[in-house]
Amino acid sequence: MAGPVTVPAQTAAPRRRRTRERRSRWLREVGWKYPFAAVVVFYAAFPLVYVLSAALATTGTLTGSTSLFTSISTANFEALGGTLFWVWAVNSVVIGLATAIGSVLMGATAAYAFSRFSFRGRRGGLTALLIAQMFPQMLAFVAIFLLLIALGNVAPVLGLDSKIALICVYLGGALGTNTFLMYGFFNTVPKELDEAAKIDGATHAQIYWTIILRLVTPILAVVGLLSFIGTFGDFILARIILTSQSNWTLAVGMYTWVSSQLNANWGLFAAGSVIASIPVLLLFLGLQKYIVGGLTAGSVKG
Amino acid sequence: MSRQDTIDLTGPIDVEPPLGERGTGESHARRWTGGWGFVAKLTLMALVNAAGVALGWSAYVEGSWGILLGAVAILVVTNWVYFSRRALPLKYLLPGLLFLLVFQLFTIVYTGVVAFTNYGTGHNSTQEQAVDAALIQSERRVEGSETYPLTVVERLGTVGFAIVDGDEVRVGTAESPLAAAPDASVDDAGRASDVPGWDVVAYQRLLEDQALQEEVLELRVPVSDDAEDGSIRTREGTTGAIYLSTLEWDPDAQTMTDTATGVVYRANDDGQFSSDDGETLPVGWRVGVGFENFTRAITDTDYSGPLLRITAWTFSFAILTVATSFLVGLVLALVFNDARVRGRNVLRTLFILPYAFPAFLSALLWQGMLNPNADYGLINDWFFFGAYIPWLTDPWLAKLSIILVNLWLSFPYWFLICTGALQSLPDDVLEAAKIDGAGTWRTWRTIIMPLLLISTTPLLIASFAFNFNNFAIIYLLTGGGPRFPDTSAPLGHTDILISMIYQISGVAGGRADYGLASALSIIVFVIIGTISGLAFRRTRRLEEVL
């Protein structure tokens, strides 16, 4: 708020007038922003409040679920135990974590190489990565599908319906999307540090693992988190590659609930949504400061 | 390195080769002195080599020469890189690079290759495999032939038949022709009851296990190595008979002759066997078709009309989504980037809730909320007094719904971005403007907005490219519906190009047309590439980054 200026002794009337003026100016310039904020908050939050209410409702159907918090029970959450929900949740987390860790390792080593070594093809390599990054991997899903059929005939673990194959496909996009984010950050670490270590006899591997990686931890966390969230939310590749129910991720599994019997499965869906979104919400809100920095470098959604 | 190019990628980097590589003559990459690091590396390399050899071997067994070549190449390169004393940067780049090459670059190139073929249902494989399939499909039971008592047997998940031929029991599978099983015993009904090395499948189990039943009905066990002898098949699991193909394949003349009717089918350029009457056999093979897929997308009435409308909608969808969410985000950022508003951190957290909620859940959630029946749908019940508004089934309302839902999903992103950009505006410039007497509007129009656009344009374009392929929101919210009434293709009013490609590709089942789908993918690649290329030129971000 604008700090009120201390006014020396004055007669009562102008002071009152001034107070009124100030109040109307405050209303004009600042005050209206609160009701406006309330509208925006309502718009942003009501679907989420609604899904929470539906998750806690006693009935598990969409019918009549339009009033909030009329009944509170954990029936829907318990019903999740009778489905494959937890299997899918574990699949999602495993695939997401594996992809995140792999992406971080690959992106960081590549960024280190580009940032610290000078070698032939470095310039070309960076440009090529930038171009590769422009082409969304999922557009090639037909070719990915055909490639996995061929690989699956040879080694089923790399074929369709294999979580490892899906992780490999995600990792295929890891270098293009993350290297630049990390490269910029690696460049901010002073090279004098490397040189000092080198003079002390450290190898490049020692420098990388013990010095650089510790200094770039924030960007590693951002890349890992973004790639986890991206993988967690991916639908098309998971849908194409994972064909058997027990291999599905949450995105694929929960889609089938709602696509076939929206009304009947509504309670399940709502309860599942709450469980699936709370960790992501907390992570996101807790780390939003860092994520915003990451977002401006590579848009993931929106 | 030449420095003539406009873009200088080398930067101020000047690193000498590490000490370990100088003078000593032995790379640390091969030294035991590396300690645990070296042991770890050796173990990893052993694992990689083992996996690579295993993959290469089974590729060899399967006859997948492409994969064999790939596996060998990867093994050679990996071993060279990690045991060489040169190639230091590659040691760091290789893992990511390999994944990038196989799962991104190769698939893009392969998309291009498939786009020029007729790959899809009916044209799935090589001519050799198509011939085999045609021969199998045209198998008929030999008229008046003998039937053999038959038992279904199983070994390690492979199902086979054991038949009694005279006094001899013979066993075989789809892969291995019938061979005598000397020590087998025969029960009273005359069927094999115990076959050494095989588990006899009880008839009761065959009746109960649907999947096994189907497998048994599909199974054909060759009588001998000679295909002319035909194969054993069964209709009910207790007796088998010899089936022979009514087609005869002549590899030299490239013809299939139907022995029953005498019709000759010739291999043609379209990857099919066709008779003189223009009749074709159902199984074909893959051949190059040039630009046919591209022309078909434009001229085939099933696709051309929808393609035009879908392209127009894809562009409007992407542009409208970016424009609306950017504007809303910008306005919010401007309004709440004000130090006098209290609790801005709380507000910010509340504003970005939709963005932090996983997008696939949002789409499904909104699908439920937009249900037209007010008893179900929250939107109609709360905001439209329970009116029946078909949000997702009317063509225009469905489009509007998608835009609004996507606005809900993505305005927080732009709010965050714009807030960040506003806060990083240089204060002195704004102050100077104020001193020069510029009003709020003037400052906004000539200083804030241009500076803001410089930093957000690359993101606007990236966001456009993202939404251009925003499959999840379309597929999960409307499924592309409502369907176009005037085409037999499974396409609808809210389909965008990527969901159209998905529908006609057949990867989700149904009739597959990989060729056409890939051709459309290539078109979208070109669009995205052009837009991104323009983006880079517009913002010259390349120079900043590199």
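**A guided tour of chains A and B**

Begin by selecting P222(B), which is placed in strand β10 of chain B, a strand spanning residues 221–222. The model on the screen is predicted. P222(B) has a relative accessibility of 18% and therefore counts as buried, the cut-off for that class being under 20%. P222(B) and T494(B) are 272 residues apart along the chain, and their C-alpha atoms are separated by 51 Å.

**Along chain B**

Select residues 311–535 of chain B. UniProt, in an unreviewed entry, places the feature "domain: ABC transmembrane type-1" at these positions. Across residues 311–535 of chain B, 71% of the chain is helix and 0% is strand.

Within chain B, proceed to helix α11, residues 359–369. How many of the 11 residues of this helix are buried? The number is 10, so helix α11 of chain B is largely enclosed by the rest of the structure. Colour the buried positions of α11(B) individually: among them are F360(B), L361(B), L364(B), L365(B), W366(B) and M369(B). Buried positions in α11(B) also include S362(B), A363(B), Q367(B) and G368(B).

The next selection is L477(B), found in helix α16 of chain B, which covers residues 471–477. L477(B) is buried, because its relative accessible area is 2% and the limit is 20%. From L477(B), draw a distance to A211(B). These two residues are 266 apart along the chain, with 34 Å between their C-alpha atoms.

**Turning to chain A**

Select residues 89–287 of chain A, where UniProt places the feature "domain: ABC transmembrane type-1" (unreviewed entry). This span is 78% helix and 0% strand, and its end C-alpha atoms are 22 Å apart.

The unreviewed UniProt entry also lists "transmembrane region" segments for chain A, including residues 34–56, 126–152, 207–230 and 265–287. Two of these can be examined in turn. Residues 207–230 of chain A are 96% helix and 0% strand, with 31 Å between the end C-alpha atoms. Residues 265–287 of chain A are 91% helix and 0% strand, and here the end C-alpha atoms lie 33 Å apart.

Now centre the view on F145(A), which is in helix α6 of chain A, residues 141–154. Is F145(A) buried or exposed? Its relative accessibility is 9%, so F145(A) counts as buried.

**Surface patches of chain A**

Switch to a surface view and select V49(A), L52(A), L68(A), F69(A) and I72(A). Together these residues form a nonpolar patch on the surface, with about 390 Å² of accessible area. One member, I72(A), lies in the loop between α2 (33–56) and α3 (75–80) of chain A. I72(A) is classed as exposed because its relative accessible area is 59%, against a threshold of over 50%.

The last stop is a positive surface patch formed by R16(A), R17(A), R18(A), R20(A) and R22(A). Within this group, R18(A) lies in helix α1 of chain A, residues 12–31. With a relative accessible area of 39%, R18(A) is partly exposed.

Note on methods: Residues numbered from 1 in each chain as written. Chains lettered and ligands numbered in written order. Predicted model: local features only at pLDDT ≥ 70, side-chain atom pairs only at ≥ 80, totals over all residues. Heavy atoms only, no water. Patch = residues over 30% accessible without salt bridge, like charges linked within 9 Å, V, L, I, M, F, W, Y side chains within 5 Å. Areas by Shrake-Rupley, 256 points an atom, 1.4 Å probe, with all protein chains shown as cover. Salt bridge = Lys/Arg side-chain N within 4 Å of Asp/Glu carboxyl O. Lys, Arg positive; Asp, Glu negative; His and termini not counted. Charge placed at Lys NZ, Arg CZ, Asp CG, Glu CD. Helix = DSSP H or I, 4+ residues; strand = E, 2+ residues; numbered from the N terminus. Buried < 20%, exposed > 50% of the residue type's maximum accessible area, 1.4 Å probe, protein only. UniProt positions renumbered as here; feature names shortened; annotations may be inferred.
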